[in-house]
Amino acid sequence: MENKFNLKAAAEKMRTNGKYDPTRVYEMEVSKLDTSKNVFVNYSESEYEKLKESIAKAGKVTNPIIVRHMPGTESEFIVASGNHRVQACRDLGIEKIHAIVREMTELEFLVAMNDANIQRTGVLPSEQAHMYAMMAEQLERDINEGKVEVKGDRATYIISQLTGSEEDKPSRADFYKKVRMDKLIPIAKVQLDKKELTVEAASELAKLDNVSQAMVIKAGADRGKLPNAMEVKEAVEMFTKSDRHITQEEVAAIIKEKPQKEQISIKLNIKKDLRPYLPEGIKDEDIRDYLLTALEEKFNRDHEKNYEELEGESRD
């Protein structure tokens, strides 16, 4: 049987112990819940309509949401998990919702919001990047203010706080890559979310300042095709190594249509040929980026190895 409590009675109890019981489910007024902190705002219309239909049919939200309790603030109850369910209740005119109330630090709140959305298929790359960047910034603040002591790598610490399965958690390298991608200019984020710009190209592009990013994007737009990761790398190298102003014409010379080479078509069956080499639980829509990343990392390793061999020969 569900433990349900009236908010007024709970408030009375708080006068004596100052906290909500995190093991209980409280009945709360939808109008008093703050959903403005939600990072994962993208939700397809079809998904949202299905959610509304499910809630309308039951007449309520069957799974309790999770809210952060911040007494003494204007928004005393901030939704960490269940933002779309709360919005659906508002649209349907449902005034009450069941909630688990927790005391959380800012970082714990961000982790809870991330965990609630990580398995949802509609999460945009830019949203995930922004979430990881917020986590990294918050941890840095907590360390500087003496709220937490972290020995070792920051990303490793944050990843250890995530409660999802190992397949859902990012690698250390992927975490830092996503954090960097939060520095993309707005148009690049849109192109990334539309899959017009690959994750690898976006990650490289984010190494540049806003003006340089815009120049690279313009060069791609002028030729009618956005740059790939290798082209962006070339542009980044040019910008970072030069001590003078780089012109748009110079960027365009790198991001230009390459001579067409003979195309070789190879047909692969994902389940039969590739699945043994893919991480367990990888989503179909992520396979392309995973393979491109793996190939690029292999290329870089080979390039570094060849460079080291040449360097060794020159010393001999």
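**Entry 1: His84.** I looked up the contacts of His84 (heavy atoms within 4.5 Å) and, leaving aside its neighbours within four places in sequence, found Asn38, Phe40, Val41, Tyr43, Tyr48, Leu51, Asn117 and Arg120. This is a predicted model, in which local features need pLDDT of at least 70, side-chain atom pairs count only at pLDDT 80 or more, and totals for chains, interfaces and linings use all residues. Residues are numbered from 1 along each chain as its sequence is written, and side-chain values use heavy atoms, with hydrogens and water left out.

I located His84 in helix H3, residues 83-92. Helices (H or I, at least four residues) and strands (E, at least two) are DSSP runs, numbered from the N terminus. His84 counts as buried because its relative accessibility is 14%; buried means under 20% relative accessible area, exposed over 50%, and partly exposed in between, with a 1.4 Å probe and protein chains only.

**Entry 2: The chain.** I noted 14 helices and 6 strands. Of the 316 residues, 39% count as buried. Among contacts between residues at least 6 apart in sequence, 65% join residues at least 24 apart.

**Entry 3: H6 and H7.** I examined helix H6 (residues 154-161) and helix H7 (residues 172-181), which pack at about 100° with axes 9 Å apart. Axes are lines fitted to C-alpha atoms, for helices over the stretch in contact, and angles run from 0 to 180 degrees between N-to-C directions. H6 is therefore roughly perpendicular to H7, a term for angles of 65 to 115 degrees. Arg154, Ala155, Thr156, Ile158 and Ile159 of H6 meet Arg172, Phe175 and Tyr176 of H7 in this contact.

Notes:
Parallel < 35°, antiparallel > 145°, perpendicular 65-115°, else oblique.
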